[in-house]
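Hi everyone, thanks for coming.

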Amino acid sequence: MKKVSSFILSLVTLALITAGCQKPYSGSQKQFTRYDRQARELLARMTLDEKIGQMIQAETTGLKDPSDIETYYLGSILAGGSADPKAGNSPEAWTDEFETAMAHSLKTRLRIPLLFGIDAVHGHNNITGATIFPHNIALGYANDPELVEEIGRATAVEMRATGIHWAFAPCVAAAQDQRWGRTYESFSADPKICGRLGAAASRGLQGDSLAADDSVLACVKHYAGDGGTAMGTARGGHGLDQGDTRCDEDTFRRLHLAQYRQAIKEGAGSIMPSYSSWNGVKCSANKYLLTDILRGELGFEGFLISDYEAIKQIDPDFKKAIAISVNAGMDMAMEPTRYREFFALLKELVQEGTVTQQRIDEAVIRILRVKFAMGLLDPDYDYKVDRSQLAVIGCQEHRDLARRAVRQSLVTLKDDDKVLDLLRKAQSLLVAGSAADDIGQQCGGWTIDWQGKTGAITTGTTILSAVKQAVGPAATVWFSPEGDITAKADVALVVIGEKPYAEFEGDRNELKLSPEDIALVKTVKAGGMPVVVILLSGRSLDMDDISDYADVIIAAWLPGTEAAGITDFLALTPDGRN
Ligand code: BGC
(Lines give C-alpha, C1' and ligand atoms only; values in the text may rest on other atoms or scores of the structure.)
Protein backbone atom coordinates (compact mmCIF):
# COMPACT_ATOMS: atom_id res chain seq x y z
CA MET A 1 0.00 0.00 0.00
CA LYS A 2 2.80 2.38 1.05
CA LYS A 3 4.76 1.55 -2.08
CA VAL A 4 1.77 2.21 -4.32
CA SER A 5 1.00 5.57 -2.71
CA SER A 6 4.62 6.72 -2.94
CA PHE A 7 4.66 5.60 -6.57
CA ILE A 8 1.54 7.69 -7.22
CA LEU A 9 3.13 10.59 -5.37
CA SER A 10 6.23 10.46 -7.55
CA LEU A 11 4.05 10.37 -10.65
CA VAL A 12 2.21 13.45 -9.44
CA THR A 13 5.50 15.21 -8.70
CA LEU A 14 6.79 14.29 -12.13
CA ALA A 15 3.61 15.54 -13.74
CA LEU A 16 3.84 18.80 -11.82
CA ILE A 17 7.45 19.30 -12.84
CA THR A 18 6.66 18.49 -16.47
CA ALA A 19 3.75 20.90 -16.42
CA GLY A 20 6.18 23.57 -15.28
CA CYS A 21 4.45 24.07 -11.91
CA GLN A 22 7.59 23.29 -10.00
CA LYS A 23 11.10 24.25 -11.06
CA PRO A 24 13.71 21.50 -10.66
CA TYR A 25 16.87 21.75 -8.60
CA SER A 26 19.06 24.32 -10.28
CA GLY A 27 22.16 22.13 -10.18
CA SER A 28 22.20 21.04 -13.79
CA GLN A 29 22.18 22.41 -17.33
CA LYS A 30 18.96 20.49 -17.94
CA GLN A 31 17.10 23.21 -16.11
CA PHE A 32 17.61 25.32 -19.24
CA THR A 33 17.09 22.79 -22.03
CA ARG A 34 13.77 21.75 -20.54
CA TYR A 35 12.43 25.16 -21.61
CA ASP A 36 13.55 24.73 -25.18
CA ARG A 37 10.03 24.31 -26.54
CA GLN A 38 8.64 27.34 -24.70
CA ALA A 39 11.62 29.44 -25.78
CA ARG A 40 11.16 28.41 -29.43
CA GLU A 41 7.47 29.20 -29.29
CA LEU A 42 8.19 32.66 -27.96
CA LEU A 43 10.98 33.15 -30.48
CA ALA A 44 8.59 32.33 -33.31
CA ARG A 45 6.52 35.35 -32.31
CA MET A 46 9.49 37.74 -32.25
CA THR A 47 10.60 40.25 -34.89
CA LEU A 48 14.28 40.67 -35.73
CA ASP A 49 14.35 43.90 -33.71
CA GLU A 50 12.93 42.14 -30.67
CA LYS A 51 15.48 39.37 -30.98
CA ILE A 52 18.42 41.75 -31.30
CA GLY A 53 17.16 43.70 -28.32
CA GLN A 54 17.26 40.55 -26.18
CA MET A 55 20.94 40.28 -27.02
CA ILE A 56 21.81 43.69 -25.61
CA GLN A 57 22.64 44.86 -22.12
CA ALA A 58 22.91 48.62 -21.48
CA GLU A 59 23.92 50.31 -18.24
CA THR A 60 21.55 52.18 -15.94
CA THR A 61 23.79 55.25 -16.08
CA GLY A 62 24.44 54.87 -19.81
CA LEU A 63 20.81 54.89 -20.96
CA LYS A 64 20.19 57.93 -23.16
CA ASP A 65 16.56 57.70 -22.16
CA PRO A 66 14.92 55.20 -19.77
CA SER A 67 12.32 54.43 -22.44
CA ASP A 68 15.15 53.06 -24.61
CA ILE A 69 14.54 49.85 -22.67
CA GLU A 70 11.29 49.40 -24.58
CA THR A 71 12.34 51.18 -27.77
CA TYR A 72 15.26 48.80 -28.22
CA TYR A 73 13.60 45.80 -26.49
CA LEU A 74 16.66 45.51 -24.24
CA GLY A 75 17.12 42.05 -22.80
CA SER A 76 19.15 43.28 -19.88
CA ILE A 77 20.47 46.17 -17.83
CA LEU A 78 23.54 46.33 -15.63
CA ALA A 79 24.62 48.59 -12.85
CA GLY A 80 28.41 48.59 -13.11
CA GLY A 81 30.81 49.14 -10.23
CA SER A 82 30.19 52.88 -9.91
CA ALA A 83 26.62 53.17 -11.22
CA ASP A 84 24.73 54.34 -8.15
CA PRO A 85 21.07 55.24 -8.57
CA LYS A 86 20.42 58.95 -9.14
CA ALA A 87 18.48 59.03 -5.89
CA GLY A 88 21.58 57.95 -3.97
CA ASN A 89 23.06 54.70 -2.78
CA SER A 90 20.47 53.30 -0.41
CA PRO A 91 18.79 49.88 -0.54
CA GLU A 92 15.47 51.65 -1.23
CA ALA A 93 16.91 53.60 -4.16
CA TRP A 94 18.36 50.39 -5.65
CA THR A 95 15.00 48.67 -5.29
CA ASP A 96 13.27 51.59 -7.01
CA GLU A 97 15.82 51.44 -9.79
CA PHE A 98 15.22 47.72 -10.27
CA GLU A 99 11.46 48.14 -10.36
CA THR A 100 11.61 51.07 -12.78
CA ALA A 101 13.77 49.13 -15.22
CA MET A 102 11.53 46.05 -14.99
CA ALA A 103 8.43 48.16 -15.55
CA HIS A 104 9.93 49.54 -18.77
CA SER A 105 10.68 46.07 -20.10
CA LEU A 106 7.11 45.01 -19.40
CA LYS A 107 5.84 47.80 -21.62
CA THR A 108 7.19 45.97 -24.68
CA ARG A 109 4.84 44.15 -27.04
CA LEU A 110 5.79 40.68 -25.78
CA ARG A 111 6.31 41.76 -22.17
CA ILE A 112 9.63 39.94 -21.81
CA PRO A 113 11.20 41.00 -18.48
CA LEU A 114 14.79 42.13 -18.57
CA LEU A 115 17.63 40.71 -16.52
CA PHE A 116 19.20 43.13 -14.05
CA GLY A 117 22.88 42.37 -13.42
CA ILE A 118 25.35 43.66 -10.84
CA ASP A 119 28.82 42.83 -9.59
CA ALA A 120 27.98 41.10 -6.33
CA VAL A 121 31.46 39.65 -5.97
CA HIS A 122 31.81 39.68 -2.17
CA GLY A 123 28.29 40.24 -0.97
CA HIS A 124 25.85 42.72 -2.54
CA ASN A 125 28.83 45.01 -2.52
CA ASN A 126 27.57 48.09 -4.37
CA ILE A 127 24.85 48.73 -1.83
CA THR A 128 25.48 50.79 1.29
CA GLY A 129 24.87 48.76 4.42
CA ALA A 130 25.15 45.33 2.77
CA THR A 131 27.26 42.62 4.39
CA ILE A 132 30.67 42.61 2.75
CA PHE A 133 32.36 39.22 2.81
CA PRO A 134 36.11 38.65 2.45
CA HIS A 135 37.31 38.71 -1.15
CA ASN A 136 37.80 35.36 -2.89
CA ILE A 137 41.51 35.09 -2.19
CA ALA A 138 40.70 34.84 1.52
CA LEU A 139 37.97 32.27 0.92
CA GLY A 140 40.42 30.27 -1.18
CA TYR A 141 42.77 30.12 1.76
CA ALA A 142 39.92 28.94 4.03
CA ASN A 143 39.11 26.44 1.26
CA ASP A 144 35.75 25.46 2.71
CA PRO A 145 33.10 24.85 0.00
CA GLU A 146 30.25 24.87 2.50
CA LEU A 147 31.30 28.28 3.75
CA VAL A 148 31.50 29.62 0.19
CA GLU A 149 28.08 28.19 -0.59
CA GLU A 150 26.61 29.83 2.51
CA ILE A 151 28.13 33.14 1.46
CA GLY A 152 26.60 32.72 -1.99
CA ARG A 153 23.21 32.09 -0.37
CA ALA A 154 23.47 35.14 1.88
CA THR A 155 24.56 37.29 -1.06
CA ALA A 156 21.60 36.09 -3.12
CA VAL A 157 19.21 36.84 -0.27
CA GLU A 158 20.56 40.40 0.11
CA MET A 159 20.43 40.90 -3.66
CA ARG A 160 16.86 39.75 -4.03
CA ALA A 161 15.82 42.03 -1.20
CA THR A 162 16.52 44.81 -3.71
CA GLY A 163 15.02 42.77 -6.55
CA ILE A 164 18.31 42.37 -8.43
CA HIS A 165 18.58 38.82 -9.75
CA TRP A 166 21.86 38.40 -11.64
CA ALA A 167 25.33 38.41 -10.03
CA PHE A 168 28.47 38.75 -12.17
CA ALA A 169 30.15 36.16 -9.95
CA PRO A 170 31.95 33.91 -9.20
CA CYS A 171 35.33 34.69 -10.69
CA VAL A 172 37.14 31.37 -11.15
CA ALA A 173 40.38 32.77 -12.52
CA ALA A 174 43.43 30.89 -11.28
CA ALA A 175 45.77 33.85 -10.70
CA GLN A 176 49.28 32.81 -11.64
CA ASP A 177 51.04 36.14 -11.08
CA GLN A 178 50.14 38.06 -7.94
CA ARG A 179 51.18 41.34 -9.49
CA TRP A 180 47.82 41.14 -11.30
CA GLY A 181 45.32 43.71 -9.96
CA ARG A 182 42.56 41.09 -9.89
CA THR A 183 44.43 38.53 -7.81
CA TYR A 184 42.05 38.99 -4.88
CA GLU A 185 39.08 38.07 -7.09
CA SER A 186 40.72 34.68 -7.61
CA PHE A 187 40.26 31.92 -5.04
CA SER A 188 43.67 30.45 -5.72
CA ALA A 189 46.50 29.84 -8.15
CA ASP A 190 45.34 26.23 -8.06
CA PRO A 191 42.54 25.60 -10.58
CA LYS A 192 41.22 22.71 -8.50
CA ILE A 193 40.46 25.06 -5.62
CA CYS A 194 38.97 27.60 -8.04
CA GLY A 195 36.76 24.90 -9.55
CA ARG A 196 35.56 23.51 -6.25
CA LEU A 197 34.84 26.89 -4.71
CA GLY A 198 33.48 28.39 -7.93
CA ALA A 199 30.98 25.54 -8.10
CA ALA A 200 30.07 26.09 -4.44
CA ALA A 201 29.56 29.82 -5.04
CA SER A 202 27.33 29.14 -8.08
CA ARG A 203 25.32 26.65 -6.04
CA GLY A 204 24.91 29.19 -3.26
CA LEU A 205 23.86 32.02 -5.56
CA GLN A 206 21.43 29.96 -7.63
CA GLY A 207 20.03 27.99 -4.70
CA ASP A 208 17.74 24.99 -5.08
CA SER A 209 15.64 26.58 -7.78
CA LEU A 210 16.49 29.57 -9.94
CA ALA A 211 12.84 30.52 -9.75
CA ALA A 212 12.87 30.85 -5.96
CA ASP A 213 12.39 34.27 -4.38
CA ASP A 214 15.87 34.20 -2.91
CA SER A 215 17.90 32.93 -5.87
CA VAL A 216 19.98 34.81 -8.39
CA LEU A 217 21.58 33.81 -11.66
CA ALA A 218 25.33 33.21 -11.38
CA CYS A 219 27.82 34.39 -14.02
CA VAL A 220 31.10 32.53 -14.02
CA LYS A 221 33.97 34.70 -15.22
CA HIS A 222 36.25 35.54 -17.01
CA TYR A 223 36.35 32.79 -19.60
CA ALA A 224 39.17 31.91 -19.93
CA GLY A 225 42.77 32.36 -18.94
CA ASP A 226 42.32 35.79 -17.33
CA GLY A 227 44.61 34.71 -14.49
CA GLY A 228 47.42 33.60 -16.76
CA THR A 229 48.33 36.72 -18.72
CA ALA A 230 51.99 37.57 -19.28
CA MET A 231 53.50 40.72 -17.78
CA GLY A 232 53.71 43.52 -20.33
CA THR A 233 50.97 42.18 -22.60
CA ALA A 234 48.14 44.33 -21.25
CA ARG A 235 46.78 47.34 -23.10
CA GLY A 236 49.49 49.87 -23.87
CA GLY A 237 52.15 47.23 -23.27
CA HIS A 238 52.18 47.51 -19.47
CA GLY A 239 50.89 45.27 -16.74
CA LEU A 240 48.89 42.07 -16.83
CA ASP A 241 45.20 42.87 -16.78
CA GLN A 242 43.36 42.09 -20.03
CA GLY A 243 46.65 40.81 -21.48
CA ASP A 244 47.67 37.67 -23.34
CA THR A 245 47.87 34.18 -21.84
CA ARG A 246 50.63 32.42 -23.70
CA CYS A 247 50.67 28.68 -23.34
CA ASP A 248 49.92 25.47 -25.18
CA GLU A 249 46.48 23.92 -25.12
CA ASP A 250 47.25 21.30 -22.49
CA THR A 251 48.45 23.94 -20.05
CA PHE A 252 45.51 26.19 -20.88
CA ARG A 253 43.04 23.39 -20.26
CA ARG A 254 44.68 22.39 -16.99
CA LEU A 255 45.07 25.86 -15.49
CA HIS A 256 42.27 27.87 -17.00
CA LEU A 257 39.48 25.66 -18.34
CA ALA A 258 39.09 22.85 -15.83
CA GLN A 259 37.28 25.05 -13.28
CA TYR A 260 34.48 25.86 -15.75
CA ARG A 261 33.53 22.21 -16.07
CA GLN A 262 32.60 22.10 -12.37
CA ALA A 263 30.58 25.32 -12.36
CA ILE A 264 28.72 24.22 -15.50
CA LYS A 265 27.92 20.86 -13.91
CA GLU A 266 26.56 22.77 -10.95
CA GLY A 267 24.08 24.50 -13.27
CA ALA A 268 25.64 27.95 -13.66
CA GLY A 269 23.44 29.74 -16.19
CA SER A 270 25.71 32.45 -17.57
CA ILE A 271 29.40 32.88 -18.35
CA MET A 272 31.37 36.04 -19.10
CA PRO A 273 34.12 35.71 -21.69
CA SER A 274 37.32 37.49 -20.77
CA TYR A 275 38.84 40.71 -22.10
CA SER A 276 42.12 38.81 -22.25
CA SER A 277 43.57 36.80 -25.14
CA TRP A 278 44.88 33.31 -25.54
CA ASN A 279 48.00 33.20 -27.71
CA GLY A 280 47.09 36.52 -29.26
CA VAL A 281 43.41 35.84 -29.96
CA LYS A 282 40.84 37.71 -27.86
CA CYS A 283 38.70 35.23 -25.90
CA SER A 284 35.59 37.21 -26.85
CA ALA A 285 36.42 36.52 -30.50
CA ASN A 286 37.44 32.89 -30.16
CA LYS A 287 34.90 30.47 -31.61
CA TYR A 288 36.89 27.44 -30.54
CA LEU A 289 36.66 28.57 -26.90
CA LEU A 290 33.14 30.01 -26.91
CA THR A 291 31.38 27.44 -29.02
CA ASP A 292 33.40 24.29 -29.60
CA ILE A 293 34.72 23.84 -26.08
CA LEU A 294 32.08 25.54 -23.98
CA ARG A 295 29.01 24.20 -25.73
CA GLY A 296 30.32 21.20 -27.61
CA GLU A 297 32.58 19.77 -25.00
CA LEU A 298 31.51 21.16 -21.62
CA GLY A 299 27.77 21.03 -22.33
CA PHE A 300 27.03 24.64 -21.36
CA GLU A 301 23.36 25.45 -22.09
CA GLY A 302 23.14 28.92 -20.55
CA PHE A 303 24.22 32.11 -22.35
CA LEU A 304 27.35 34.22 -22.73
CA ILE A 305 27.50 37.90 -21.77
CA SER A 306 30.48 39.91 -23.04
CA ASP A 307 32.53 41.92 -20.57
CA TYR A 308 32.04 45.70 -20.27
CA GLU A 309 32.73 47.20 -23.71
CA ALA A 310 34.93 44.19 -24.46
CA ILE A 311 33.65 43.70 -28.00
CA LYS A 312 35.11 46.95 -29.30
CA GLN A 313 38.56 45.70 -28.33
CA ILE A 314 38.35 42.95 -30.94
CA ASP A 315 38.67 45.28 -33.93
CA PRO A 316 38.83 49.06 -34.44
CA ASP A 317 35.84 48.67 -36.78
CA PHE A 318 32.97 48.17 -34.30
CA LYS A 319 30.73 46.48 -36.85
CA LYS A 320 33.42 43.97 -37.72
CA ALA A 321 34.09 43.39 -34.01
CA ILE A 322 30.39 42.66 -33.39
CA ALA A 323 30.27 40.19 -36.29
CA ILE A 324 33.35 38.35 -35.05
CA SER A 325 32.12 38.10 -31.49
CA VAL A 326 28.53 37.09 -32.23
CA ASN A 327 29.69 34.57 -34.79
CA ALA A 328 32.14 33.16 -32.25
CA GLY A 329 29.20 32.49 -29.92
CA MET A 330 28.61 35.64 -27.85
CA ASP A 331 24.91 35.75 -26.97
CA MET A 332 24.53 39.04 -25.13
CA ALA A 333 26.64 42.18 -25.40
CA MET A 334 27.46 44.41 -22.43
CA GLU A 335 27.27 47.76 -24.17
CA PRO A 336 26.76 50.33 -21.42
CA THR A 337 26.46 53.33 -23.73
CA ARG A 338 26.77 52.14 -27.34
CA TYR A 339 23.69 49.94 -27.25
CA ARG A 340 21.83 51.93 -29.94
CA GLU A 341 24.76 51.60 -32.32
CA PHE A 342 25.13 47.91 -31.49
CA PHE A 343 21.45 47.40 -32.24
CA ALA A 344 21.70 49.07 -35.67
CA LEU A 345 24.95 47.36 -36.62
CA LEU A 346 23.88 43.86 -35.64
CA LYS A 347 20.67 44.35 -37.59
CA GLU A 348 22.68 45.37 -40.66
CA LEU A 349 24.94 42.36 -40.21
CA VAL A 350 21.93 40.04 -40.22
CA GLN A 351 20.38 41.73 -43.22
CA GLU A 352 23.66 41.45 -45.11
CA GLY A 353 24.00 37.80 -44.10
CA THR A 354 27.29 38.25 -42.20
CA VAL A 355 25.56 37.01 -39.06
CA THR A 356 23.00 34.32 -39.77
CA GLN A 357 19.43 34.38 -38.54
CA GLN A 358 20.20 30.96 -37.08
CA ARG A 359 22.97 32.37 -34.85
CA ILE A 360 20.64 35.11 -33.65
CA ASP A 361 17.93 32.55 -32.91
CA GLU A 362 20.34 30.34 -31.02
CA ALA A 363 21.52 33.26 -28.87
CA VAL A 364 17.97 34.40 -28.11
CA ILE A 365 16.78 30.88 -27.27
CA ARG A 366 19.61 30.56 -24.78
CA ILE A 367 18.69 33.86 -23.13
CA LEU A 368 14.97 33.04 -23.07
CA ARG A 369 15.51 29.57 -21.62
CA VAL A 370 17.35 31.13 -18.69
CA LYS A 371 14.54 33.66 -18.25
CA PHE A 372 12.04 30.78 -18.23
CA ALA A 373 14.10 28.88 -15.68
CA MET A 374 14.19 31.97 -13.48
CA GLY A 375 10.42 32.17 -13.57
CA LEU A 376 10.49 35.58 -15.28
CA LEU A 377 8.19 34.33 -18.01
CA ASP A 378 5.68 32.69 -15.70
CA PRO A 379 2.18 34.09 -16.25
CA ASP A 380 2.04 35.28 -12.64
CA TYR A 381 5.56 36.80 -12.57
CA ASP A 382 5.60 39.95 -10.49
CA TYR A 383 8.71 42.11 -10.41
CA LYS A 384 7.47 44.17 -7.46
CA VAL A 385 9.70 43.77 -4.44
CA ASP A 386 8.43 43.19 -0.93
CA ARG A 387 10.11 46.10 0.85
CA SER A 388 9.94 44.41 4.23
CA GLN A 389 12.72 42.12 2.94
CA LEU A 390 15.16 45.05 2.92
CA ALA A 391 15.81 44.28 6.57
CA VAL A 392 18.01 41.32 5.56
CA ILE A 393 20.57 43.66 4.07
CA GLY A 394 23.47 43.67 6.50
CA CYS A 395 21.49 41.60 9.02
CA GLN A 396 23.21 40.09 12.03
CA GLU A 397 23.04 36.54 10.70
CA HIS A 398 24.93 37.51 7.54
CA ARG A 399 27.43 39.59 9.47
CA ASP A 400 28.07 36.61 11.77
CA LEU A 401 28.69 34.46 8.71
CA ALA A 402 31.13 37.05 7.33
CA ARG A 403 32.87 37.19 10.71
CA ARG A 404 33.32 33.42 10.67
CA ALA A 405 34.67 33.60 7.12
CA VAL A 406 37.25 36.15 8.24
CA ARG A 407 38.35 34.00 11.17
CA GLN A 408 38.71 30.97 8.90
CA SER A 409 40.77 32.75 6.30
CA LEU A 410 43.61 34.44 8.19
CA VAL A 411 47.20 33.32 7.76
CA THR A 412 49.98 33.63 10.32
CA LEU A 413 53.12 34.62 8.45
CA LYS A 414 55.33 35.10 11.50
CA ASP A 415 54.55 33.66 14.88
CA ASP A 416 55.60 34.32 18.46
CA ASP A 417 53.54 32.58 21.12
CA LYS A 418 54.84 34.79 23.93
CA VAL A 419 53.83 37.97 22.17
CA LEU A 420 50.40 36.57 21.31
CA ASP A 421 50.01 35.50 24.90
CA LEU A 422 50.92 38.99 26.03
CA LEU A 423 48.39 40.43 23.60
CA ARG A 424 45.73 38.28 25.24
CA LYS A 425 46.69 39.51 28.72
CA ALA A 426 47.72 43.11 28.04
CA GLN A 427 46.35 45.87 30.24
CA SER A 428 47.04 48.40 27.53
CA LEU A 429 47.12 48.13 23.76
CA LEU A 430 48.30 50.54 21.13
CA VAL A 431 46.44 50.18 17.85
CA ALA A 432 48.50 51.95 15.19
CA GLY A 433 47.93 52.80 11.54
CA SER A 434 45.05 54.61 9.87
CA ALA A 435 44.01 51.31 8.23
CA ALA A 436 42.98 50.07 11.68
CA ASP A 437 39.95 52.33 11.60
CA ASP A 438 39.08 52.29 7.93
CA ILE A 439 36.18 50.16 6.76
CA GLY A 440 36.83 51.10 3.14
CA GLN A 441 40.41 49.91 3.21
CA GLN A 442 39.58 46.59 4.84
CA CYS A 443 36.91 45.94 2.16
CA GLY A 444 39.16 46.73 -0.83
CA GLY A 445 38.04 47.21 -4.43
CA TRP A 446 34.53 46.39 -5.68
CA THR A 447 33.00 47.91 -2.54
CA ILE A 448 30.42 50.69 -2.97
CA ASP A 449 32.58 51.90 -5.86
CA TRP A 450 34.32 49.97 -8.60
CA GLN A 451 37.75 50.90 -7.26
CA GLY A 452 36.67 50.84 -3.61
CA LYS A 453 37.60 53.79 -1.43
CA THR A 454 39.24 54.48 1.90
CA GLY A 455 37.14 55.91 4.73
CA ALA A 456 33.76 55.32 6.30
CA ILE A 457 32.08 54.17 3.08
CA THR A 458 29.64 51.72 4.64
CA THR A 459 28.60 50.19 7.94
CA GLY A 460 30.53 47.48 9.72
CA THR A 461 33.19 46.82 12.33
CA THR A 462 36.68 48.20 11.81
CA ILE A 463 39.71 46.49 13.33
CA LEU A 464 39.91 49.19 16.00
CA SER A 465 36.27 48.76 17.01
CA ALA A 466 36.68 44.98 16.98
CA VAL A 467 39.64 45.26 19.37
CA LYS A 468 37.75 47.61 21.67
CA GLN A 469 34.71 45.34 21.68
CA ALA A 470 36.81 42.24 22.24
CA VAL A 471 38.73 43.48 25.29
CA GLY A 472 35.96 45.66 26.72
CA PRO A 473 36.84 47.78 29.74
CA ALA A 474 39.39 45.18 30.85
CA ALA A 475 42.18 46.92 28.90
CA THR A 476 43.01 50.43 27.74
CA VAL A 477 43.10 50.79 23.98
CA TRP A 478 44.95 53.74 22.45
CA PHE A 479 44.61 54.51 18.79
CA SER A 480 47.20 56.37 16.82
CA PRO A 481 46.97 56.55 13.04
CA GLU A 482 50.60 57.80 12.83
CA GLY A 483 52.03 55.42 15.43
CA ASP A 484 52.55 57.90 18.25
CA ILE A 485 54.52 55.97 20.84
CA THR A 486 54.56 58.47 23.67
CA ALA A 487 51.87 56.43 25.37
CA LYS A 488 53.69 53.16 25.75
CA ALA A 489 51.40 50.16 25.81
CA ASP A 490 52.05 46.52 26.77
CA VAL A 491 51.77 45.53 23.15
CA ALA A 492 51.14 47.21 19.81
CA LEU A 493 48.88 46.08 17.00
CA VAL A 494 49.98 47.73 13.79
CA VAL A 495 47.63 47.64 10.81
CA ILE A 496 49.16 48.19 7.38
CA GLY A 497 48.43 47.27 3.80
CA GLU A 498 47.23 48.08 0.32
CA LYS A 499 44.84 50.90 -0.43
CA PRO A 500 41.79 49.81 -2.47
CA TYR A 501 42.10 49.15 -6.21
CA ALA A 502 40.37 47.09 -8.88
CA GLU A 503 41.27 45.53 -12.23
CA PHE A 504 44.18 47.12 -14.17
CA GLU A 505 44.53 49.89 -11.60
CA GLY A 506 45.93 47.27 -9.25
CA ASP A 507 48.62 45.88 -11.58
CA ARG A 508 52.07 46.31 -9.98
CA ASN A 509 55.62 45.59 -11.04
CA GLU A 510 56.64 44.54 -7.57
CA LEU A 511 54.81 43.61 -4.40
CA LYS A 512 56.46 45.65 -1.68
CA LEU A 513 55.03 47.44 1.32
CA SER A 514 54.67 51.20 1.02
CA PRO A 515 57.45 53.34 2.56
CA GLU A 516 54.83 54.77 4.97
CA ASP A 517 53.89 51.31 6.22
CA ILE A 518 57.52 50.28 6.66
CA ALA A 519 58.20 53.50 8.58
CA LEU A 520 55.14 52.97 10.78
CA VAL A 521 56.21 49.47 11.84
CA LYS A 522 59.77 50.67 12.53
CA THR A 523 58.55 53.65 14.55
CA VAL A 524 56.32 51.53 16.75
CA LYS A 525 59.02 48.92 17.26
CA ALA A 526 61.43 51.70 18.26
CA GLY A 527 59.02 52.49 21.11
CA GLY A 528 60.10 49.21 22.68
CA MET A 529 56.77 47.41 22.44
CA PRO A 530 56.22 43.92 21.06
CA VAL A 531 54.61 44.39 17.66
CA VAL A 532 51.80 42.39 16.08
CA VAL A 533 51.26 43.38 12.44
CA ILE A 534 47.95 42.87 10.67
CA LEU A 535 48.35 43.07 6.92
CA LEU A 536 45.40 44.04 4.71
CA SER A 537 46.08 43.09 1.12
CA GLY A 538 44.62 41.54 -1.99
CA ARG A 539 47.67 39.31 -2.48
CA SER A 540 50.86 38.21 -0.76
CA LEU A 541 53.28 41.08 -0.27
CA ASP A 542 57.01 40.95 0.38
CA MET A 543 57.47 41.22 4.18
CA ASP A 544 61.28 41.43 4.19
CA ASP A 545 61.29 45.15 4.97
CA ILE A 546 59.45 44.67 8.27
CA SER A 547 60.13 41.11 9.34
CA ASP A 548 62.89 42.21 11.77
CA TYR A 549 60.59 44.79 13.36
CA ALA A 550 57.44 42.70 13.75
CA ASP A 551 57.13 39.84 16.24
CA VAL A 552 53.96 38.48 14.72
CA ILE A 553 52.59 39.05 11.20
CA ILE A 554 49.09 38.06 10.22
CA ALA A 555 47.72 38.28 6.70
CA ALA A 556 44.05 39.27 6.94
CA TRP A 557 43.56 39.68 3.13
CA LEU A 558 40.62 42.01 2.39
CA PRO A 559 38.28 40.86 5.13
CA GLY A 560 35.23 43.00 4.39
CA THR A 561 32.98 44.64 6.94
CA GLU A 562 33.39 42.18 9.81
CA ALA A 563 36.80 42.66 11.41
CA ALA A 564 35.67 40.92 14.59
CA GLY A 565 36.78 37.76 12.78
CA ILE A 566 40.34 39.04 13.25
CA THR A 567 39.99 39.47 17.00
CA ASP A 568 38.31 36.03 17.17
CA PHE A 569 41.34 34.59 15.38
CA LEU A 570 43.66 36.32 17.87
CA ALA A 571 41.43 35.04 20.69
CA LEU A 572 41.16 38.52 22.22
CA THR A 573 38.76 38.53 25.16
CA PRO A 574 38.49 40.53 28.41
CA ASP A 575 39.62 37.44 30.37
CA GLY A 576 42.94 37.32 32.14
CA ARG A 577 43.53 41.07 32.05
CA ASN A 578 43.65 42.01 35.71
C1 BGC B 1 34.85 43.59 -15.27
C2 BGC B 1 33.82 42.51 -14.97
C3 BGC B 1 32.54 43.12 -14.48
C4 BGC B 1 32.06 44.14 -15.47
C5 BGC B 1 30.74 44.80 -15.09
C6 BGC B 1 34.29 44.75 -16.07
O7 BGC B 1 35.16 45.83 -16.08
O8 BGC B 1 35.94 43.01 -15.96
O9 BGC B 1 34.35 41.61 -14.03
O10 BGC B 1 31.60 42.13 -14.25
O11 BGC B 1 33.04 45.17 -15.60
O12 BGC B 1 30.88 45.72 -14.09
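Quick word on terms: strands here are DSSP runs of E with at least two residues, helices are runs of H or I with at least four, and both are numbered from the N terminus. Two strands pair if DSSP finds at least two bridges between them.

Before I go on, a bit of housekeeping. This is a predicted model, where local features need pLDDT of at least 70 and side-chain atom pairs count only at pLDDT 80 or more, while totals for chains, interfaces and linings use all residues. Residues are numbered from 1 along each chain as its sequence is written, and side-chain values use heavy atoms, with hydrogens and water left out.

Which residue of β15 stands opposite Val431? That's Leu493. Leu429, in turn, stands opposite Val491 in β15.

β13 has another partner to look at: with strand β14 (residues 476–480) it pairs in the parallel sense over five bridges. Leu429 turns up here as well, with Val477 as its bridge partner in β14.

For β13, residues 428–432, five of five are buried. Ser428, Leu430 and Ala432 sit on one side, Leu429 and Val431 on the other, and both faces are covered. In β15, seven of seven residues are buried, so the strand is largely enclosed by the rest of the structure. Val491, Leu493, Val495 and Gly497 point one way, and Ala492, Val494 and Ile496 point the other.

Next, an open sheet elsewhere. Five strands line up as β4-β3-β2-β1-β11, with parallel pairing. At the edges you find β4 (166–167) and β11 (333–334), each with a single partner strand, so one side of each is left without a neighbour in the sheet. Further in, β1 (residues 56–59) and β2 (residues 76–79) pair over three bridges, and Ala58 has Ile77 as its bridge partner in β2.

There's also an open sheet of three strands, β6-β8-β9, and its pairing is mixed. Here β6 (244–245) and β9 (281–282) are the edge strands, each with a single partner, so one side of each has no neighbour in the sheet. β6 and β8 (residues 277–278) pair in the parallel sense over two bridges, and Thr245 has Trp278 as its bridge partner.

Finally, let's zoom out. The whole protein comes to 20 helices and 17 strands. Its radius of gyration is 25 Å, close to the 25 Å from the globule rule for 578 residues, so it is as compact as a globular protein of that length. That radius is taken over C-alpha atoms, and the rule is 2.2 Å times the number of residues to the power 0.38. Along its principal axes, the C-alpha trace spans about 80 × 65 × 50 Å. Of the 578 residues, 62% count as buried.

How values were computed. Buried < 20%, exposed > 50% of the residue type's maximum accessible area, 1.4 Å probe, protein only.
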